Amino acid sequence: MTTHTIHIASAFSQTPAGRFIADGPFSGELFRDHMLVPALRSYDEVIVDLNGVFGFGSSFLEEAFGGLVRKSFFSKDELQKKMRVNASLKTYENRVNKYIADAKPEK
Amino acid sequence: MRKPSVESKARELRLSDYVLKRHVRALRQRRSCKRRLHLLKKPKDGKTRIKHVTIVAPNKIIFHGDESVRNTFRQFISDISGKLGSEYRVKIDLSKVELLLPCGVLLLLSQVRGWTLKFPGKLSANYPSDEVVEQMLQSVGILEKLGLPERVTVSREEVTRWYHFKGESADASQMTPFMQVAKERLGEADQSALYDSIVEAITNVTHHAYDDDEQKRWWMFASLTKTEVFVSIYDAGRSIPGTLLEKPGVRDQIKSWCWGKKKRDSRMLHAAMGGKSRTKLCYRGKGLPEMLESTMNMIGSSLAIYSRRGLVLCDSGADREVRTELTEPVDGTLLLWALKTAKD
């Protein structure tokens, strides 16, 4: 079983912000499409480490994680098996789980 | 010769009056025409005649608070816009400015940017007399935009304690130094809440505030003291009530709730801030609701939002929200957020 860790602060940015790529250089869509989805497709398990950043806007988190289900990259069940979130502030972990739980695949 | 009768003399006088009046009127018309022709006539060098005017800036560049101070500041802005629109060259006399607050500086920054883009080369100024005012206007780049080269070192604590940022997108990387200090002073949880609210607010600006991408811009001031964090964000976009009314589904919802009622814009601001129990507005970003939540969780904190005619003031100490309708609308949205820190 292969495991990969994405440390957002060092691999992506300390200042993630925005929903869409047009919003800014470190948006949720960019993180999802260029880091998260390739990692989830390449490894059996992906650990997303949220520590070390200054924070996340709701738009970023919803697009990056809720967007995995909305855009039909993965199902909720697949994400439950393949992805783990590591954050010292439990509020972020809870929000990621909520955005995934609330997301519905777009038709 | 027989002397003229009184009646005939009067008749003659009346006639003279009439003639005199007509004569005077004709003269005046002629002079007026000449004056107009003179103004229209191009000077001998072929260039259009340029009109100059000096407009004195008020001693307080403040928007939030006292209405008379706000109106004086508004009038100053409006005078400059009016004269530039009438093809005057405007010189701003900054010598009387004694006090600047972030709310006023943000609005002035946005206006100066707009004026210099729309009327290039038509705006100038003289240096302020007050040293702190000069340092502040220099550090935010207003003096440079007005064609005044930097001539002082920014050293006063009243100026250096302010961080100022601007952008066209939701790029928060420039805020790294501010967030590092905030993390040290507030701790990770409060600093993260601060960051989350700020980036959501600027994401909202990039999504909703402007039609034209070229106009898209936000400005921000932030400061940290031992007891307080202050953040002020401004955009010159369509305003929150304006954007709410452009979304068909939401427009009907809002109209049913606000139409015909007083304080219409401030009611819409309330809805955008998360007054969902009454409006069920769920489409908007979470920036304002998150700011409101953080404000209400920290005793002594406050949040003020100006957007179009609406003004909403939230005070955690008083645990209440005050909604006011302004007599004159604000261009865009101004947000003023003061948080008492846990280390007070």
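Biologist: How much space lies in the largest cavity?

Modeller: About 180 Å³ of space lies in the largest cavity. A cavity here is a set of points, on a 1 Å grid over the protein atoms alone, where a 1.4 Å probe fits but cannot get out, and lining residues have an atom within 4 Å of a point; grid points are joined across faces, edges and corners, and a volume is the space filled by probe spheres set on the points. Please keep in mind that this is a predicted model, in which local features need pLDDT of at least 70 and side-chain atom pairs count only at pLDDT 80 or more, while totals for chains, interfaces and linings use all residues. Residues are numbered from 1 along each chain as its sequence is written, chains are lettered from A and ligands numbered from 1 in the order in which they are written, and side-chain values use heavy atoms, with hydrogens and water left out.

Biologist: OK, switching to the chains. How many residues are in contact between chain B and chain A?

Modeller: Taking contact as heavy atoms within 4.5 Å, 22 residues of chain B are in contact with 23 residues of chain A. The area buried between them is about 1,700 Å², and carbon and sulfur atoms give 52% of that area; buried area is the accessible area (1.4 Å probe) that two parts lose on being put together, summed over both. On the chain B side, B:Tyr195, B:Asp196 and B:His207 lose the most area to chain A, together 27% of what that side buries.

Biologist: What does B:Asp196 form a salt bridge with?

Modeller: Its partner is A:Arg95, and the closest N and O atoms are 3.3 Å apart. The rule asks for a side-chain nitrogen of Lys or Arg within 4 Å of a carboxyl oxygen of Asp or Glu, and the count between chain B and chain A is one salt bridge.

Biologist: Where else does A:Arg95 turn up, say around the second largest pocket?

Modeller: A:Arg95 is one of the residues closest to the centre of that pocket, along with A:Thr91, B:Ala193, B:Glu290 and B:Glu293, out of 19 lining residues. The second largest pocket has a volume of about 450 Å³, a pocket being an open set with protein on both sides within 12 Å along at least five of seven lines. Here too α8(B) gives the most to the lining, with six residues.

Biologist: Last one: how many salt bridges are there over all chains?

Modeller: The count comes to 18. Among them is the pair A:Glu62 and A:Arg19, at 2.7 Å from N to O.

How values were computed. Helix = DSSP H or I, 4+ residues; strand = E, 2+ residues; numbered from the N terminus.
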